[in-house]
Amino acid sequence: MIQSRAGLSCVFCCRNLKQEQEQEQKHAQEVHCSRERSRAARKVIEEYLTPFMERENYQLSSKCKLHPENDIFTDQEEHKIYIDRHEWRCGYCKKSFREEKFLDQHFDSRHYNFLNLSHGKCLGDLCGALHCDAVMNFKSSRSKCNPAAAARNRHLCENLADNCFPISEGPSAGRLHELFLHQFCDAHTCSGKHKPFSRGGKDQSSFFRLAAGALILVLLPVFYLFLYLVQSDVKSRTQELRRISKAGWKSKPS
């Protein structure tokens, strides 16, 4: 009787293991999207586009491919907990990992049900338009620029500008449309005249703000010292004029 129960338990466990393996294989077949390139695209958006949208108080439409809801990895990425450089934690089950790549593998095998497969898109597919290689520490080869590839990426980039920032929506959308073209699309050429992210980004804006703040802190005391010296000089001259004036009145004959 005990052996029979043990045998049934073993069969049940093997069946569950087989089902999990089949689900993982099915999941691997369903998702054809690079998590690494999607993460790079997300970083580009956050660094070189979001600061300008916040400045304009502009909200992306859910129809825009750049909208976070259209990224199949959004929910999983939001459940990553960074502890320190040697520890990442899963927000679903609280399991810890030494590197982010191991947490990614954990998501793929244990929490793939949180992927937005119904409405989500592969954000990594937009990397050509967004110049993801620039933030992936990718060393471009010295091969000649491919005009056809540059033209395809530029076309994709311009479509993103039109769909995400329709000029008809108003001045803010118009300004962001123009910025998007300069920030991303103009660099899709083999001439080499334009570089991506020409309008700067979050880090550069923070640096300039810090530099401006430091400059103000340095110049402010100098300004007050100059003001003090000018006022002291004016006061001194005024007193001297009064003294001369009084001396002149006293020297007059009665």
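Visitor: How many salt bridges does the count come to?
Guide: The count comes to 17 salt bridges, each being a side-chain nitrogen of Lys or Arg within 4 Å of a carboxyl oxygen of Asp or Glu. This is a predicted model, in which local features need pLDDT of at least 70, side-chain atom pairs count only at pLDDT 80 or more, and totals for chains, interfaces and linings use all residues. Residues are numbered from 1 along each chain as its sequence is written, and side-chain values use heavy atoms, with hydrogens and water left out.

Visitor: Which residue meets Arg 35 at 4.0 Å, N to O?
Guide: Asp 104 does, through a salt bridge between the two side chains. Asp 104 lies in helix α5 and Arg 35 in helix α2 (residues 35-48), so the pair ties together parts 69 residues apart in sequence. Helices (H or I, at least four residues) and strands (E, at least two) are DSSP runs, numbered from the N terminus.

Visitor: Is Arg 35 buried or exposed?
Guide: Arg 35 is buried, with a relative accessible area of 9%. Asp 104 also counts as buried, at 10%. Buried means under 20% relative accessible area, exposed over 50%, and partly exposed in between (1.4 Å probe, protein chains only).

Visitor: And what does Arg 35 form with Asp 108?
Guide: Arg 35 forms a salt bridge with Asp 108, with the closest N and O atoms 2.8 Å apart. This pair links helix α2 to helix α5 across 73 residues. Asp 108 is partly exposed, at 33% relative accessible area.

Visitor: Changing topic, in what order do the strands of the sheet stand?
Guide: The order is β1-β2-β3, in an open sheet of 3 strands with antiparallel pairing; two strands pair if DSSP finds at least two bridges between them. β1 (80-84) and β3 (96-97) stand at the edges with a single partner strand each, so one side of each has no neighbour in the sheet.

Visitor: What packs on the sheet?
Guide: Helix α5 (residues 100-110) packs on the sheet and touches β1, β2 and β3, contact meaning heavy atoms within 4.5 Å. The direction of α5 makes about 15° with that of β2; axes are lines fitted to C-alpha atoms, for helices over the stretch in contact, and angles run from 0 to 180 degrees between N-to-C directions.

Visitor: How many bridges join β1 to β2?
Guide: 4 bridges join β1 to the antiparallel strand β2 (residues 87-90). Tyr 82 has Trp 88 in β2 as its bridge partner.
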